[in-house]
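Here are my notes on the model you sent over.

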Number of protein chains: 2
Amino acid sequence: MQYRNAMPAQLPTTEKGRATRRRILQATSQLIAERGVDRVSLEDVEREAGVGRSQLYHYFGGRDDLLRAVIDTTTDAVLGAQNGLLDELDTFAAIERWFDGLVALQERRGAVGGCPIGSLVGQLAERDDQTRAALATGFERWEQPLVAGLTSMQDRGELRPDASVESLADMTMAAIQGGLLLTQVRRDPRQLRRALDGARAVLASAAAV
Amino acid sequence: MQYRNAMPAQLPTTEKGRATRRRILQATSQLIAERGVDRVSLEDVEREAGVGRSQLYHYFGGRDDLLRAVIDTTTDAVLGAQNGLLDELDTFAAIERWFDGLVALQERRGAVGGCPIGSLVGQLAERDDQTRAALATGFERWEQPLVAGLTSMQDRGELRPDASVESLADMTMAAIQGGLLLTQVRRDPRQLRRALDGARAVLASAAAV
DNA sequence: GCGTTTCTGTATTGCATAGTACAGAGACTG
DNA sequence: CAGTCTCTGTACTATGCAATACAGAAACGC
């Protein structure tokens, strides 16, 4: 399956057009999260979104272009699922609530599916650099609240001044992704729990004395 | 793309047959690591392995069966790439050498590709339970030397007796996977470095006092 | 050697599916 | 209300590719 590198395709100008485009993206994002990129055809998307072939090619340059665009929508969904928890990660307690929420979400889902964005990495990261960059942006958006929270803690003197907020945040994101991956593959939410317990310990060790 | 659930297909009895089967698996494993599951056709495999269509269906029950089988081969390759480092993970120094080796490998590869097994998770984990189980077995094999090493350290009194070797090993594997995923998506081996620094700190905190 | 099993080569089939063509509905604009 | 732009519906084309059919070579057993 090698598809053409297709054009950007303009954004819709009318409200109706924007709604259609949104419906396409949400349907695609959902189907991909359920089945994986290569098990979703344009026909599936048409059915799920209730649109015709012409709309797909009106709003997107082709399948590859649609896939690139869907990364942002998936990121929206992932961040949305954590809503409230991501708002102010500027205390250890808030970070722990966030962690607990992530574990609880996996328990609710039966440890199925892993991280929708993380799963896209294995499927799309090496396709082209634009796609990889879109994934990187997704993680940036996810990590940003944590960076902000930790920075605020450091400013308030709750984190040691010599601690690297960037490194701590990266380490935490890695724990989340790795924990979710093992959770998925082992169908065991405790995998995420253990990974996050480790991250918590490292964060705590950076607390001011 | 929906393929039939195909049969197990017997193992070859002759040496020549085993060699052919091995060549098919290695070619498939390599191509998939480079391009991803859905960018590798049976025709590609035939070319790369120098076999005909009939061989593929002689040794495997079909495309899906080949994919399941290739998970083991990919695991072999990943463990092989760490050879020597995985042998005796029963001191902090050995574990650090292992971590350093993983980071060095990513630097050499330009942070491209991530973890071949981890990448398969996003592509195959939700296909069917047998496939997911094969991936789980791959991680089991990878984690086993660490569990053995940590157990040995605990037996020798270098780890606190109340520390959970299983949890520590799971946390470490999560750090590796998450670190590799971020390394791949950001094209930055320091992501793995930071994740492993975190794991190292947690392991060190379980050292006997 | 002869039959049987294992292994290999090639041509073909059938289907799923990405992409295209083209017409038409609806809305806004002067 | 005529003209233009955005949006939508459907039928069609082309092709990549998994799967099959079938024949033949090579090895092995008795």
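1. Start with the second largest cavity: it has 13 residues in its lining, and Met171(A), Ala175(A), Ala195(A), Met171(B) and Ala175(B) are the ones nearest its centre. Two or more lining residues come from each of α8 and α9 (190-205) in chain A, and likewise from α8 and α9 (190-205) in chain B. Keep in mind that this is a predicted model.

2. In volume, this second largest cavity holds about 90 Å³. Its lining splits into 11 nonpolar and 2 polar residues, with no charged ones.

3. How many cavities of 30 Å³ or more are there? The count is 6. The largest cavity comes out at about 170 Å³. It is lined by 20 residues, and those closest to its centre are Gly118(A), Ser119(A), Leu181(A), Gly118(B) and Leu181(B).

4. For the largest cavity, the elements that supply two or more lining residues are α6 (116-124) and α8 (165-186) from chain A, plus α6 (116-124) and α8 from chain B. By class, the lining has 12 polar and 8 nonpolar residues, and again no charged ones.

5. Is Thr172(B) buried or exposed? Thr172(B) counts as buried, because its relative accessibility is 0%.

6. What does Thr172(B) touch, leaving aside residues up to four places away in sequence? Its contacts are Trp98(B), Phe99(B), Leu146(B), Ala199(B) and Leu203(B).

Methods. Residues numbered from 1 in each chain as written. Chains lettered and ligands numbered in written order. Predicted model: local features only at pLDDT ≥ 70, side-chain atom pairs only at ≥ 80, totals over all residues. Heavy atoms only, no water. Buried < 20%, exposed > 50% of the residue type's maximum accessible area, 1.4 Å probe, protein only. Contact = heavy atoms within 4.5 Å. 1 Å grid on protein atoms, 1.4 Å probe; cavity = no way out; pocket = protein on both sides within 12 Å on 5 of 7 lines; lining within 4 Å. Points joined across faces, edges and corners; volume = space filled by probe spheres on them. Helix = DSSP H or I, 4+ residues; strand = E, 2+ residues; numbered from the N terminus. Nonpolar A, V, L, I, M, F, W, Y, C, P; charged D, E, K, R; others polar.
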